[in-house]
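Here is a short briefing to keep beside you while you look around the model. Take it topic by topic, with the viewer open.

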Amino acid sequence: MILKANLKYNICWLILMVAGFYLMNALILVGVIDSFLENMVVTIGINIILAVGLNLVIGFAGQFSLGHAGFMAVGAYATAIMISKTPTAGAFYLSIIVGVIVAIIAALIVGFPTLRLRGDYLAIATMGAAEIIRIIINNLKITNGPSGMFNIPQFATWPVVYIMVCVTTIIIVNFIHSRGGRAALAVREDEIAAESMGINVFKWKLAAFVLGAATAAVAGSMQASYLQTIAPSNFNIMESIAILIIVVLGGVGSITGTFVAATILGVVDAALQNFGALRMVIYALVLILIMIFKPSGIMGSKELSFKRLFNRKNKKVGAKS
Amino acid sequence: MTTLLNVEDLVKNFGGLTAVSDVDMHLNDDELVALIGPNGAGKTTLFNLLTGVIVPSSGSITFRSNDGLIPLNGMKTYKIANLGMGRTFQNIRLFKELTVLDNVLIAMTANYKEGFLQSVFRSPKFYKTEARIRQDAIELLKIFGLQDDVDQLAKNLPYGIQRRLEIVRSLAMKPKILFLDEPAAGMNPEETADLTRLIRQVQRDFHITVLLIEHDMSLVMNLASRIYVLDHGSLLAEGTPTEIQQNDAVIKAYLGEEA
């Protein structure tokens, strides 16, 4: 009974994902989506991977991290170095895994001392940690220092990015709706109460932080191989803030909101390409307006849920008959 | 009757202030004990010491578990909780933005396992585990008449129900000792009577030891088999309700010196 009911919702999600894939495919075949728009869609996809992971850390575990770009850099350089040496698809997928593992190790090293801090202190400490990662990359030979890496082979085409968006989102959403996710929510709500309910607060904070870092590394791998060129300056504090903006704009604690915000910002950004210097002004105005009229973000903490949609429909049918 | 929790010479200093000094107490299996005292006597501090929220300056707390005696001094709060100590808070600390069901499920975290891969890739076992613990949580909520509020956010519940949910949440941990910090605070006489019945029922049905801080003397005298009186951080008296009611030192502490 329970399995069947859940199967229905899972199939709905699957249909949605497959439909999205074929819609995109069809639009490219027909020529509606040219290379400029494809670039926009892939950028949106990469931003979604990043922001969903950060939303797990900030919105669900309640830890204000400002170091997301650092973990992204780890993934990006793992992929760039590996596939520059051996440009095969196998090496590409292996490099994603290597990036994730290195990012997990980095997140553990960063998380152990910093996650004992709270709020602003944590934000500053994680920001510093991300800068350390960036400066290490800046000074290594293997990463080609501040000038960055070029002509990275392109394995991350839009279908690869699309699948990665789906996979990382499924992992994070499923984590949120499980034992660990509930423990993380308890930590966000009230640490003392969570601790008194037998929850190892530090462990679950760290788990959410590490999972967020792992997905950021995946996004980094995608970016390196899609754009084919990376430099340490791509992963500075402004990148972390750009991801934070998506999370806050969509709604802290809403994965659906993150999708919506990443899409809106991606489209606005692309549409303003021709406005030159005015672009950042308009971009900032959009942000200010949304924050004034919807301070909790576009979606607040609401989520798109097939379960709720079905229940609502059933209620309506029930009311009519 | 065996001693479940034993406290010896417990001291807590905050800088120059001694909040709890030389407290000796013990809790036996399956009994209901009350801790009373004037405001600022150190009752909540003592609770926080026993549950590990704050670390004692000196003295010892030992807990008798199935594997022998365990010293609790300096042990992490969550570990103490998982040994079987549930608690509620004086100023309600529910997970306000979460549903009633989630509040209870969270307290069960230590009682079941779900592997990371299992929950992320949704194996059939995951659904079975989830269904089972949900069922357990709902059963528990039913006992307290909260089964219709499972999907409500905790912050939207009326005050009395929130207090009740906090008790349910701490019971979900399957505790051996339940610490209740002023469960009747802010309740009217009718609600208090209701709560008195509930606490007695919980203590009897779940066979747990309850330590209760309360100012409402009707509740304390009705429920407790033993009472500890705390004043200025030290133990003033210990005894049955009748003994405490006739104890001169206690009367003095509550009403002041006779004129």
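This is a predicted model, and for chain B the mean pLDDT is 90, with 98% of the residues in that chain at 70 or more. For the model, the scores are ipTM 0.90 and pTM 0.91.

**Confidence along chain B**
- Helix α3 (residues 100-107) of chain B is where confidence in this chain is highest, at a mean of 95.
- Helix α10 (residues 248-255) of chain B is where confidence in this chain is lowest, with a mean of 82.

**The domains of chain A**
- Chain A splits into domain 1, covering 1-32, and domain 2, covering 34-236.
- Between the C-alpha centres of domain 1 of chain A and domain 2 of chain A there are 26 Å.
- Contact between them involves 5 residues of domain 1 of chain A and 5 residues of domain 2 of chain A.
- On the domain 1 side of that contact in chain A, you will find 4 nonpolar residues and 1 polar residue, but no charged ones.

**Where chain A meets chain B**
- Here, 24 residues of chain A are in contact with 28 residues of chain B.
- Four elements of chain A each supply at least two residues of the side that touches chain B: α1 (2-30), α6 (158-176), α7 (179-189) and α8 (191-196).
- Which helix gives the most to the side of chain A that touches chain B? That is α7(A), with 7 residues.
- Sorted by class, the side of chain A that touches chain B holds 12 nonpolar, 7 polar and 5 charged residues.

**A sheet in chain B**
- Chain B has an open sheet of 4 strands, paired antiparallel in the order β2-β1-β4-β5.
- At the edges of this sheet sit β2 (17-28) and β5 (68-71) of chain B, each of which pairs on one side only.
- On average, neighbouring strands of the sheet are turned by 20° against each other, with direction ignored.
- Within the sheet, strand β1 (residues 3-14) of chain B and strand β4 (residues 58-65) of chain B run antiparallel and are joined by 5 bridges.

Terms used: Residues numbered from 1 in each chain as written. Chains lettered and ligands numbered in written order. Predicted model: local features only at pLDDT ≥ 70, side-chain atom pairs only at ≥ 80, totals over all residues. pLDDT = per-residue confidence, 0-100. Domains from an automatic or database assignment. Contact = placed C-beta atoms within 7 Å. Nonpolar A, V, L, I, M, F, W, Y, C, P; charged D, E, K, R; others polar. Pairing = 2+ DSSP bridges. Axes fitted to C-alpha atoms, helices over the stretch in contact; angles between N-to-C directions.
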